[in-house]
Amino acid sequence: MLHTLLQRLLTFALLFSVSAQATNVLLPPLNAQANQTSISGLSSGGFMAAQFHVAFSESLVGAGIVAGGPWNCAGNNPFVNPLINATTTCMNPCENSLIGCSSTLFPNSGYLAELAKVTANNGRIDDTEHLKNDQVYLFSGKQDETVVTGVVDSAVNFYQRLGIPESQIRYNSSVNAGHAFITSDPEDTPCDLTQAPYINNCDIPQAQRILTHIYGPLNPPAATPDGDLVAFNQSEFISSPNTSMDDTAYVYIPASCRSASCKVHVAVHGCRQGIAVIGTTYIKETGYLNVADTNEIIVLFPQVKKSEFIPYNPRGCWDFWGYSTLSQPPYNYYTKDAPQMKAIKGMIDRLVSANSH
């Protein structure tokens, strides 16, 4: 028994050592293409993708928003606390309505589009004119009762109001999917359900469709990716104690990207999908690695973990309502000064920088 106990302690120590070493690895500079960066996300990650896309539109070429709403959705009503907006207007506004379901309950895309222009004029986000050349993919499942289709509709309308042509917007709201990122893997959750890990088989390779819409025709995905999946020290990029971001994040580097200058895509997980909850399931099972491997695309997977006290983020969601400023004004979650967005931008900047050594 003592021998067994010592074996277990040794195994634990080895695992801890590997984990600790992984978090000390620095994100490498890879001389990636600075003008070929994009972002996508699911649920809170979808809201983050929309926020980041609009805030940093000058340096992005597109976005994929799955079960997410428009930029600054939580600021839809300036007379209501953003947290209340986030959990009602931005999710399922008709669910507990006392006045029935009305279009007035959903995000006001016209107001938000004008607010984006004002925010850009104030220098807090990039000029919205930069959005007009971008490619945007949006998706809403017909069985999604967490972030309902009307909310995603408003994101489509938001982009249209800011001048993105319909030909550059791909919106699919016809699939009988639950609240999930969807794949064509029969081993994933059945399409119409909403349950952990929120990755559903709908016979649609969504990661491939997102990246194809943004970048154009791509090579077929690899059956088995053979690049490097690197755990790195994300805390290096965190400048605030209230981000709820994990110390560790991941980047996937196709073998060709060690020498060639590659594109960069940021894939943002949803609530309860960070590595602290489901390990590398979102990273490995969503299909991003397979597509990236054969198309010279580096994929960055930033990470958030749950926080029970300060900030209050019990489900490990990305901040689209202001918890990184402790839900107190002045809010900056939708601007270039948002702590989480600054961290992601810092990671992108590292990837596109050249190694000076």
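Hi everyone, let me start with one cysteine: Cys 90 is buried, with a relative accessible area of 0%. Keep in mind that we're looking at a predicted model. So who is the partner of Cys 90? A disulfide joins Cys 90 to Cys 73, with 2.2 Å from S to S. Cys 73 is buried too, at a relative accessible area of 1%; buried here means under 20%.

Now look at the S-S bond between these two. The torsion there is about -115°, so this disulfide is left-handed. As for what it links, Cys 73 sits in the loop between strand E2 (62-66) and helix H3 (82-87), while Cys 90 is in the loop between H3 and helix H4 (109-121), so the pair ties together parts that are 17 residues apart in sequence.

How many disulfides turn up in a search of the whole structure? The search finds 4, and I'd like to show you two others.

Please move along to Cys 191 and Cys 202. Their sulfur atoms are 2.0 Å apart, and they form a disulfide. Left-handed or right-handed, this link? Right-handed, with 95° about the S-S bond. Cys 191 is found in the loop between strand E6 (189-190) and strand E7 (199-201), and Cys 202 in the loop between E7 and helix H6 (206-215), so here the parts tied together are 11 residues apart in sequence. Both Cys 191 and Cys 202 are buried.

My last stop is Cys 257, which a disulfide joins to Cys 262, at 2.1 Å from S to S. The angle about that S-S bond is -100°, a left-handed link. Cys 257 and Cys 262 are both buried.

Technical notes. Residues numbered from 1 in each chain as written. Predicted model: local features only at pLDDT ≥ 70, side-chain atom pairs only at ≥ 80, totals over all residues. Heavy atoms only, no water. Disulfide = S-S within 2.5 Å. Helix = DSSP H or I, 4+ residues; strand = E, 2+ residues; numbered from the N terminus. Buried < 20%, exposed > 50% of the residue type's maximum accessible area, 1.4 Å probe, protein only.
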